[in-house]
Amino acid sequence: MRAMVYRGPYRVRVEEKDIPAIEHPNDAIVRVTRAAICGSDLHLYHGMMPDTRVGMTFGHEFIGEVHEVGPSVEHVSPGDRVMVPFNVFCGTCYFCARGLYSNCHNVNPNATAVGGIYGYSHTCGGYDGGQAEYVRVPFADVGPGLIPDWMDDDDAVLCTDALPTGYFGAQLGDITEGDVVVVYGAGPVGLFAAKSAWIMGAGRVIVIDHLDYRLLKAQEFAHAETINFTEHGDLVRHLKYLTEGLGADVAIDAVGAEADGNLLQHVTSAKLKLQGGSPVALNWAIDTVRKGGTVSVVGAYGPLFSAVKFGDAMNKGLTLRMNQCPVKRQWPRLLEHIRNGYIKPSDVVTHHVPLEHIGEGYHMFSAKLDNCIKPIVVPSAA
Ligand SMILES: NC(=O)c1ccc[n+]([C@@H]2O[C@H](COP(=O)([O-])OP(=O)(O)OC[C@H]3O[C@@H](n4cnc5c(N)ncnc54)[C@H](O)[C@@H]3O)[C@@H](O)[C@H]2O)c1
Ligand SMILES: [Zn+2]
Ligand SMILES: [Zn+2]
């Protein structure tokens, strides 16, 4: 089969690989029809993620058709059109039993924090991902869901990560009626978080980024107010000014460890490796939320130390909530919202990239070229 292969930072290409085989009775092999490149893939692409091995196939957002199933698989059959959550999870361990699918212990027992994620380094279990023609899906009775007939492929692939994660970000904000919600990051996750904030009762939604084309999307798609942080010398002060001096009720970090906006943070993290990332957006979130407010973090951070303003969060009495998204937990409500027309996930899709050209897709998405927001990867046989 053809598959995306990691060759080192900023180097990905398409190579011939064996079609994966059933390794366990509850495995399925899925023929991929759509994959996506996620902001999280950029952390791998930039060489930020520990234990990202040369030869690995990335891709944790994908859908496809079931090609083959192991002998114990009962819930899906060859020919089924399935969407696969980005989390690999067993469904029965202590954590899965509590709905913490992204913290499953059985699929990544060497890790004390994260569970399993397709195509996301050996830190996250070492599973090959779906930016390929075929992918092995462990626990096939647990993760995959049938794609409803009325749902098209581009909407479905966004249900495997970006949309549920944005929705989860808003959920973690514990938004109550009329709340002022500020969202850091106008990438796909931030756009979906902003859209979801309204559904959860927000009274005002403000999205912050420095890319005007993405802020325009936040206005059109998520009906949000927007701020380009490069236009304000003191963003925190400006946000206080917009919120009667108090700050927002809820701040959502949909940026993560590779934030722009502070040269010192960039140098100490990306260049000098003195910290595990540049937590600019997280610190802005802590600074711009009111005392007693909630900070929701869905932007991804590595395991290492970063200079987060924890003391300020403590002294302001903030609630900090965060996790990788337990995708399958979000599906019942999200599918209803999509069916009823509240959210059209594929509205954020800007590019369809043939699998053979995925290297160009990574470059475009990473460098934010051609007004790229969300690239969808299409294998040639899809
Ligand atoms: N928790 C989860 O389950 C989960 C799932 C998917 C993605 N993620 C993470 O969410 C984050 C966003 O993902 P995405 O696909 O939308 O990525 P993306 O790279 O497309 O979007 C990130 C956006 O943040 C903006 N940005 C950079 N610095 C900023 C700052 N200081 N303030 C405000 N905005 C800033 C960028 O310009 C960009 O538009 C990433 O860190 C990704 O790893 C987490
Ligand atoms: Zn992702
Ligand atoms: Zn589990």
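## Basis of the model

Because the model is predicted, local features need pLDDT of at least 70 and side-chain atom pairs count only at pLDDT 80 or more, while totals for chains, interfaces and linings use all residues. Residues are numbered from 1 along each chain as its sequence is written, chains are lettered from A and ligands numbered from 1 in the order in which they are written, and side-chain values use heavy atoms, with hydrogens and water left out.

## Overall fold

The protein chain holds 12 helices and 17 strands, where helices (H or I, at least four residues) and strands (E, at least two) are DSSP runs numbered from the N terminus. Of its 382 residues, 59% count as buried, which means under 20% relative accessible area with a 1.4 Å probe, protein chains only.

Among contacts (heavy atoms within 4.5 Å) between residues at least 6 apart in sequence, 71% join residues at least 24 apart. Along its principal axes, the C-alpha trace spans about 60 × 45 × 40 Å.

C38 lies in the loop between strand 3 (28-36) and helix 1 (39-45), and D161 in the loop between helix 3 (153-158) and helix 4 (162-172), so the pair ties together parts that are 123 residues apart in sequence. Both C38 and D161 are buried.

Terms used. Buried means under 20% relative accessible area, exposed over 50%, partly exposed in between (1.4 Å probe, protein chains only).
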